[in-house]
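Here's a quick briefing on one helix and a handful of charged pairs. Take a look at the model first, then read on.

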Amino acid sequence: MEYTVMLSSIAVVLLGLGVVAFFILKKKVVQDNLNIEEEQVRLIGEAKTKAATLLKEAKLEAKSRLLEMKSNFDSETEETRSEFKKEERRLSKKSEKFDKLEDQLAKREQSVQKKESEAQKRFDSATKKEDHYKELLEKTKKELEKVSGLTLEEAKDLLLKVMEEEARHEGAKLIKKITSEAKETADKEAKKIISTSIQRYAGEYVVERTVSVVHLPGDEMKGRIIGREGRNIRALEAATGIDLIIDDTPEAVILSGFNPVRREVARLSLEKLISDGRIHPARIEDVVERATEEVDVAIKEAGEQAAFDLGVHGIDPELIKVIGKLKFRTSYAQNVLQHSVEVAFLSGAIAAELGLDFKLAKRMGLLHDIGKAVDHEVDGAHAIIGAKLAKRYGEIESVVKAIAAHHEDQIPESVYDYIVQAADALSGARPGARKESLENYIKRLEDLENIANSFNGVVNTYAIQAGREIRVIVESEKITDESAVLLSRDIARQIEENLTFPGQVKVVVIRETRAVEYTKK
């Protein structure tokens with residue numbers, strides 16, 4: 001019972017304490033709410049104040065920008081108005097110009113129409129006059145035909161013939177004038193260059209000749225060369241490819257063959273056999289083999305020496321051998337290798353005088369006749385054969401063309417082609433350079449004179465200077481001074497087409513008027 005009362009007392013106390021705590025807590029909450037409301041009121045007031053301030057500032061800034069934009073707009077508007085006024089004034093001026101031009105065009109149109117009207121009247125008048133003149137012309141033609149006894153076509157032919165003669169006459173005069181003017185300058189320069197080139201070359205005038213006769217110590221040696229039943233001579237001919245002619249010529253054996261290298265091998269072999277005295281087939285084969293080797297070495301050395309003397313380098317070794325073979329080749333009794341060296345030197349000298357590549361010219365001159373080394377083996381002109389050889393062994397195109405054109409088997413194109421031609425003619429034409437048989441020489445002179453005599457108006461013809469000049473005497477009544485120029489050109493062209501000759505032929509046409517009178521007794 002007491003315990004229960006005690007519990008009740010404690011509960012009452014706890015309840016009282018809870019009520020007191022509740023009231024205390026409630027009071028604190030109310031006080032906190034009052035403080036929060038006051039803070040909110042304060043913050044709201046401050047916010048309103050700031051908002052009012054910002055609004056005022058924004059209004060002021062907006063007014064300032066508006067004033068600035070208005071000022072800018074006014075200035076831009078003023079500039080635009082000024083530009084518009086300028087453009088308006090310019091357009092106004094143009095409009096005035098256009099108005100003036102329109103007035104001028106209207107006046108010109110009126111003037112043109114007036115002129116067209118006048119031109120039409122003149123045209124109509126000219127047409128009437130033309131018809132009238134045509135009628136008069138027809139009447140005149142008929143009258144002329146009656147008077148002259150010629151038809152219109154015959155008169156035209158006569159007129160054309162007269163005009164053709166006049167044109168030929170004027171053309172001949174012009175050719176003569178141009179030729180004389182060109183010769184005055186060209187001849188001096190050409191003679192200077194050629195004389196300088198010849199003076200600078202100190203070649204010998206006595207040329208080598210290929211030996212085709214072997215001299216014997218006695219006629220008894222002929223029997224030993226022939227051998228028993230001709231076995232020695234047959235062995236020698238089989239080994240060398242050369243025919244041995246043993247005839248009544250005392251103490252000599254003639255070697256006959258188209259290949260100059262083989263002929264040289266046969267000559268050396270026969271001389272060795274004669275000096276040794278032992279002549280039999282086995283010995284012949286051994287000697288011919290050694291002679292062939294010696295000739296091959298001599299060929300190579302001759303080619304190399306020629307290239308070295310001229311300063312021409314870079315030639316293919318096989319082409320060097322071909323050049324060396326020219327040592328045993330002759331043309332009109334002139335040694336072809338010596339001739340090629342001369343042509344190379346002269347070509348270089350002429351090219352140097354003209355300010356051209358003298359080394360290239362020397363190369364062309366040295367190689368220009370290489371076709372003669374093999375022309376007995378290959379068909380065709382030696383210039384074309386040589387050009388093909390040079391191309392095969394890597395020579396440049398200009399060298400190949402110069403070789404092909406030095407006898408005009410191909411048309412010359414470059415100045416080097418003409419230089420090689422000139423040097424070739426100089427080397428062949430110098431005194432003592434070439435020889436030919438008397439029969440061929442006389443035949444060539446006769447052919448020259450016959451060609452010149454075939455032309456109309458020619459009285460006499462004389463070939464002089466060993467056929468290098470031909471003088472043609474013509475009738476002065478038939479051939480004029482101008483026609484003489486054309487005649488000399490025609491004769492020269494005819495000689496070029498019908499004859500083959502070394503060097504050049506000078507054609508001189510002589511026209512003279514003679515007055516003859518006899519005394520009276």
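A quick word on burial before anything else: buried means under 20% relative accessible area, exposed means over 50%, and partly exposed is in between (1.4 Å probe, protein chains only). This is a predicted model, where local features need pLDDT of at least 70 and side-chain atom pairs count only at pLDDT 80 or more, while totals for chains, interfaces and linings use all residues. Residues are numbered from 1 along each chain as its sequence is written, and side-chain values use heavy atoms, with hydrogens and water left out.

**Helix H5**

- Helices here are DSSP runs of H or I with at least four residues, numbered from the N terminus.
- H5 covers residues 260–276, and its 17 residues should span 24 Å at 1.5 Å a residue, which agrees with end C-alpha atoms 24 Å apart. The expected span is 1.5 Å times one less than the number of residues.
- Of the 17 residues in H5, 12 are buried, so the helix is largely enclosed by the rest of the structure.
- Among those buried residues are Pro 260, Val 261, Arg 263, Glu 264 and Arg 267, along with Leu 273 and Ile 274.
- Just after H5 comes Gly 277, with a positive phi of about 90 degrees.

- A salt bridge means a side-chain nitrogen of Lys or Arg within 4 Å of a carboxyl oxygen of Asp or Glu. That rule gives a count of 18 salt bridges.
- Arg 42 and Glu 46 pair up at 2.7 Å, N to O. Both sit in H1 (residues 2–148), 4 residues apart, or about one turn of the helix.
- Both partners are partly exposed: Arg 42 has a relative accessible area of 39%, and Glu 46 comes in at 38%.
- Arg 65 and Glu 61 make another salt bridge, with their closest N and O atoms 2.9 Å apart. They also lie in H1, 4 residues apart, again about one turn of the helix.
- Here Arg 65 counts as exposed at 52% relative accessibility, whereas Glu 61 is partly exposed at 42%.
- Why does that spacing work? An α-helix has 3.6 residues a turn, so residues three or four places apart point the same way.

**Another pair, and a network**

- Arg 471 bridges to Glu 469, the closest N and O atoms being 2.9 Å apart.
- Arg 471 is partly exposed at 36% relative accessibility, but Glu 469 is buried at 6%.
- Elsewhere, salt bridges that share partners link Glu 39, Arg 42 and Glu 46 into one network.

Methods: Helices (H or I, at least four residues) and strands (E, at least two) are DSSP runs, numbered from the N terminus.
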